[in-house]
Each structure stands twice: as C-alpha cells, then as structure tokens.
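Look over the sequence and the structure, then read on.

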Amino acid sequence: EPRGAFCELTPYVPGTVPRTKLLKDELARAVICAKGSELGRDSQTKKLVFCTVAKAVTVDGIPIAAKSYTLFHPSGRIYQSHASAPFDRTLADGSTVRCAAELFALEPTGTLRYCDLGAARAGSPKPRIGEGIAFHPSGRVAGMTLDEPYRAAGNSFVPGTHLAWDDTGVLRGGWAKDPITVGALG
C-alpha cells in the first residue's frame, strides 16, 4: 500500500497523500505554507501532512525556520522541522534538553523525540554537543554520540561512538566510525 511519504521520519498515514503545488501562500494549521511549494493533505481526513513554511514562526514554543519542510502528526502537532534558533524542551522525566537550531522531531504528544544537542546534559555517559540525540517517550535516552569513554555490557566504547538503548536503559546496539572489538568480535 503506498504511504505517500518519502522522508525517513514521516509518520505513517494510511492511503495516499495528494500533493498540491501552492499558487499563493496558504494558512494551514499553525503555519503559513509557502507559495511554489507542495502541500500534502491526508486523502481521507484532509488534515495537513506536510508543507514548506513560508516564514519563521513559533509553534508550541519552538522557533521554526522560514523555508523549512515541515511534517505534521495527525493530531496537528508538528512532527519534524528545522528550528531557527536553539530551544529548550522538557522531557517526561522532568529533565530539560537544549536543542540546536537544526532538525528536530516530536512525538504526537509534543514531547521531544530527536534533535541535535545544543548544550551539555547532566548524567553519564555524556552526549556530544552538536550531534543528534534521541529520546524514548519516557524521557530516557534512546540514542546518542558519546563525548566521553563509556563502558557497558563488558565493552569499552570511545568518544564518537553512537549507541542506542531500549526504554529500560539496556544497551541495544550502536556503530562507530573506527573499528572496535566487542567481546571476541572485532
């Protein structure tokens, strides 16, 4: 079944998403979609799925950059876009994350799913500022690039390694740009 979406982080929309090339700027939900860009609406519900934002706007406390391709959840909340300035977001666990002026993604509830880290965070391991960090809905880290050596599951990981955890905090995988040895594998 065609999904009608082409971005890795696009939320699933059943059916197709017809595209309309805008002949003029058009107000859609909380943003003005840009003339000359494509606007997509769910074929069944007619709700906005994506558009390119015409001018900078703040939505749910996040400064959205002008000319940002923006995706929406069926709830109407922004799913992913690009921020025009750093912003803070409070997670479900009560901690706060500073996100850089870059790509970000939110859960349907508005909680942060992903952003490029804009400032240091407490705790260990330390994530690398300027790299992507992802969160589970609970607020636990789902993935990050290490900014310090880290030991887990009997293995040592160097800074620059990207690791992923499940929602209970168990290490589930990762990748490194340089070869590493994990157990008997190298």
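Cys99 and Cys115 are both buried. This is a predicted model. In it, a disulfide joins Cys99 to Cys115, with an S to S distance of 2.2 Å. The torsion about the S-S bond is -75°, and the link of Cys99 and Cys115 is left-handed. Cys99 sits in strand 11 (residues 96-106) and Cys115 in strand 12 (residues 112-117), so the pair ties together parts that are 16 residues apart in sequence.

**Disulfides**

The count comes to 2 disulfides. Cys33 and Cys51 form a disulfide too. Their sulfur atoms are 2.1 Å apart. Distant parts of the chain are linked by this pair: Cys33 belongs to strand 3 (residues 31-33) and Cys51 to strand 5 (residues 48-52), 18 residues apart. The torsion about the S-S bond of Cys33 and Cys51 is about -70°, so this disulfide is left-handed.

How accessible is Cys33, and is it buried or exposed? Cys33 has 0% relative accessibility, so it counts as buried. Cys51 also has 0% relative accessibility, and therefore counts as buried. The cut-off for buried is under 20% relative accessible area.

The table sets out the two bonds.

| Disulfide | S to S distance | Torsion about the S-S bond |
|---|---|---|
| Cys33 and Cys51 | 2.1 Å | about -70° |
| Cys99 and Cys115 | 2.2 Å | -75° |

With bonded cysteines counted along the chain, the disulfides follow the pattern 1-2, 3-4.

**Aromatic pairs**

Now the rings. The count comes to 3 aromatic pairs. One of them is formed by Phe50 and Tyr69. This pair is tilted, at 5.7 Å centre to centre and 35° between the planes. Phe50 lies in strand 5 and Tyr69 in strand 8 (residues 69-72), so the pair ties together parts that are 19 residues apart in sequence. Strand 5 also holds Cys51.

Tyr69 is partly exposed, with a relative accessible area of 27%.

Tyr150 and Trp165 form another aromatic pair, and this one is edge-to-face. The ring centres are 6.1 Å apart, with 70° between the planes. Tyr150 lies in strand 15 (residues 150-152) and Trp165 in strand 17 (residues 162-165), so the pair ties together parts that are 15 residues apart in sequence. Trp165 has 9% relative accessibility, so it counts as buried.

Conventions:
Residues numbered from 1 in each chain as written. Predicted model: local features only at pLDDT ≥ 70, side-chain atom pairs only at ≥ 80, totals over all residues. Heavy atoms only, no water. Disulfide = S-S within 2.5 Å. Helix = DSSP H or I, 4+ residues; strand = E, 2+ residues; numbered from the N terminus. Buried < 20%, exposed > 50% of the residue type's maximum accessible area, 1.4 Å probe, protein only. Phe/Tyr/Trp six-rings, centres within 6.5 Å; stacked < 30°, edge-to-face > 60°.
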